[in-house]
Amino acid sequence: MDASGIATDCTPVRYERQGRTGIITVNQPPVNALGQAVRAGLLRALALGQADGEADLLVLLAAGRTFMAGADIREFGQAPLVPFLSDVVAALEASPKPVIAVLHGTALGGGLEVALGCHFRVALPGTRLGLPEVKLGLLPGAGGTQRLPRLVGPAKALEMIVSGDPVTAAAALDIGLVDWLAAEPDPLAAGLAFAKRVRAKGLMPRRTGARGDRIAAVSPLLFSAARDDLARKSPHLFAPHRCVDAVEAACTLPLAEGLKRERELFLACMNSPQRAGLIHSFFAERAVAKVPGLAADATPRPVHRVGVIGAGTMGGGIAMCFANAHIPTVLLDTTQEALDRGLATIRRNYQASVAKGRLRQEEADARLTLIRPSLAYDDLADADLVVEAVFESMDLKKQIFTRLDQVCRPGAILATNTSTLDVDAIAAVTSRPQDVAGLHFFSPANVMRLLEVVRGRETAPDVLATAMDVARRIGKVGVAVGVCYGFVGNRMLHQRAREATALVDEGAAPDQVDRVLTDFGFPMGPFAMGDLAGLDVGWRIREERRKAGDPDTPPPGWLDRLAEQGRYGQKTGAGIYRYEAGSRTPLPDPVTADLIARDRAAKGITPRAVTNQEILERCLYVMVNEAAKILEEGVAARALDVDMIWVHGYGFPAWRGGPLFWADQVGLGTILGTITKFHQASGAKQWQPSPLLERLVRDGHGFASLN
Ligand code: T1G
């Protein structure tokens, strides 16, 4: 109860008055999402404010770490509940008393739309403001596409709504999105201070919806250019195109009709399967951070100093990840040349970010100084975590871990970046296997968001908890996996690569296979990816496995012939495809076609016409079947873990939700039927239906039931 004696609880919203200022506070942890209760509470509190004769203006703010971060995403896909958010926004805008929104933390989506309905907006330092709906396969559905253009102009609004990226408080002031950057540390103090200014200037409500000056005479070229850009950059995505339609409506229709058009477009997005896939990705990305079965008291160990062994492409990228998180890092290699080469690459990467305006020079310099080159293992003695990132040789990795076991302090975590080798065998050469884990980064390590956190047989719970926490701190999507050949991602990739190669053996062309997968939504197909990663990598691994007598590795074929000729892909100007000088565009190459034809002849294969549907089914269903085996073995705990590994590590389109979410959309019965058909036709092990898949089909369940 405050000095004025007025406080009414409209849980989770509260109305109270301080002096002549009515204060509406939303309090719905963790992010004040605008669920039904908050919407209803806002309307009740607003009505109280209107009725409160002592209050001449109202301040709207939120408790906790952030202003409203949007509609409650969990409500999507269910029957819509009244009051609708657009009704709340309209009521705020219509208020006869000035309403001031005070923004802190993240004012996103419906939260920013609520603020756009208010008459004045004040932001605290550090606030981020945006309309990220498009990232969920949606568009702002509570007036954002109609009011934002009226406030900041159609070009800026289009940029913000189509990208979904937030702007800073300072930028928001520059574009007129907010009226004032508060110096006060807390929203209430800032609101009361700005209320004084409004009162002093006798300011009346300013209704954004009524403004027309910024949307008059907008050239249609703005929208056609945006559509062309989208057709080039995101040909598969539905929502961004609808965003352009909605902003165009704001510039061509009166507000009421524009809002109606926005609603139609919003519902079209809501009904698009892409929305379901992207919302699954949103929640799955957060769920993977919570490792099932990891004891709540498994407290992460402190990690303030890190060591990275190997200054090659992976090691350098990994060192950048830690420096980017402001963690001092010792980068160790065996020769000064190797160190100089590694540091030069790191320096070049930072300069490229500065040149693109993504990083200030001082920040780049500061990060570079956090990476200390070294030739001496003793410099790792006080490291809290060491990541080994040398090339794939078990002997070399065992030597390194034996050395680390001697020099590193007790309690230090020893991690390997191996992508295929047995983490338990590496741990076994140390006296502390409980402190060993895998941290499998993806190339380029400073860019790719995925981090497979490999839990060995002996890995201690707090070591796993530390690794997951480190993933969060360096901005990665950490996914916990068990030990097996290729862990989760590469094990499935291996099956897809085998099927893709077999399809070419049987008659398909590499570019046909790649086109089927890019049409599906992958940024590139398996063969173009092979050329990017380097055909020598796969060739050396196959050669090692053939030498080890692995029955699973096929005999040498056209892919090996290419590598034997030194055609490693982009880095040698030719691989499966050929590349014009300075270009990364893969061009079909008659040399490869000839090699394939001769390889088929040598194997007695008469090529046949292969349909795109067969290519899609064989490349993706083999992954689904392998993923089911991985889940059965417990190498992955949940289907969503597999989904996030493929979305963040292998370019599986996020709008399809990941391979197992997608499989549920296709229908596991259909997939199992086709897998069984392929198995009967080929007898191949990879097509042996997974018992888990059979069980799910029998029980009428989907992979979602395993989340
Ligand atoms: N609805 C429901 N739950 C949400 C949520 C939301 N909007 N935002 C976050 N959560 C949950 C999240 O799942 C997690 O739960 C916890 O809150 C903490 O989140 C009509 C159509 C705000 C920047 O897209 O970007 O408005 O895992 O771990 O890293 O036009 O959350 O603890 O159980 O992410 O500090 C538009 C989404 C909605 C913003 C905070 N809004 N949220 O990040 O914490 S659509 C968004 C975020 C819309 C209107 C439309 C981030 C964050 P749990 P967190 P964080």
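**Close-up views of a predicted model**

**View 1. Strand 16 (436–441) and helix 17 each supply at least two residues of the lining of the largest cavity.** In this predicted model, local features need pLDDT of at least 70 and side-chain atom pairs count only at pLDDT 80 or more, while totals for chains, interfaces and linings use all residues. Residues are numbered from 1 along each chain as its sequence is written, and side-chain values use heavy atoms, with hydrogens and water left out. Helices (H or I, at least four residues) and strands (E, at least two) are DSSP runs numbered from the N terminus. A search of the whole structure finds 1 cavity of 30 Å³ or more (on a 1 Å grid over the protein atoms alone, a set of points where a 1.4 Å probe fits but cannot get out; lining residues have an atom within 4 Å of a point). The largest cavity has a volume of about 40 Å³, and the residues that line it are Leu385, Ile413, Ala437, Leu439, Thr466, Ala467 and Val470. Helix 17 gives the largest share of this lining, 3 residues. By class, the lining of the largest cavity holds 6 nonpolar residues, 1 polar residue and no charged ones (Ala, Val, Leu, Ile, Met, Phe, Trp, Tyr, Cys and Pro count as nonpolar, Asp, Glu, Lys and Arg as charged, and the others, Gly among them, as polar).

**View 2. The second largest pocket is lined by 18 residues.** Its volume is about 430 Å³ (a pocket is an open set of grid points with protein on both sides within 12 Å along at least five of seven lines). Of the lining residues, Glu285, Ala289, Met468, Arg472 and Lys476 lie nearest the centre of the pocket. Two or more residues of the lining come from each of helix 11 (273–287), helix 17 (461–473) and strand 18 (477–481), and the largest share, 5 residues, comes from helix 17. Sorted by class, the lining of the second largest pocket has 9 nonpolar, 2 polar and 7 charged residues.

**View 3. Helix 5 (residues 154–163) packs with helix 9 (residues 239–252) at an angle of about 155°, their axes being 10 Å apart.** The two helices are therefore roughly antiparallel to each other (angles under 35 degrees count as roughly parallel, over 145 as roughly antiparallel, 65 to 115 as roughly perpendicular and the rest as oblique). Pro154, Leu158, Ile161 and Val162 of helix 5 make the contact with Pro240, Cys243, Val244, Val247 and Cys251 of helix 9 (contact means heavy atoms within 4.5 Å). This contact of helix 5 with helix 9 has 9 nonpolar residues, no polar and no charged ones.

**View 4. Helix 24 (residues 612–633) and helix 28 (residues 691–699) have axes that come within 7 Å and cross at roughly 95°.** That makes helix 24 roughly perpendicular to helix 28. On the side of helix 24 the contact is made by Asn625, Ala628, Leu631 and Glu632, and on the side of helix 28 by Pro691, Leu692 and Leu693. The residues of this contact divide into 5 nonpolar, 1 polar and 1 charged.

**View 5. Helix 3 (residues 110–117) and helix 4 (residues 144–152) pack at an angle of about 55°, with 10 Å between their axes.** Helix 3 and helix 4 are therefore oblique to each other. Glu113, Leu116 and Gly117 of helix 3 make the contact with Gly144, Arg147, Leu148 and Leu151 of helix 4, and by class these residues divide into 3 nonpolar, 2 polar and 2 charged.

Note on methods. Axes are lines fitted to C-alpha atoms, for helices over the stretch in contact, and angles run from 0 to 180 degrees between N-to-C directions. Grid points are joined across faces, edges and corners, and a volume is the space filled by probe spheres set on the points.
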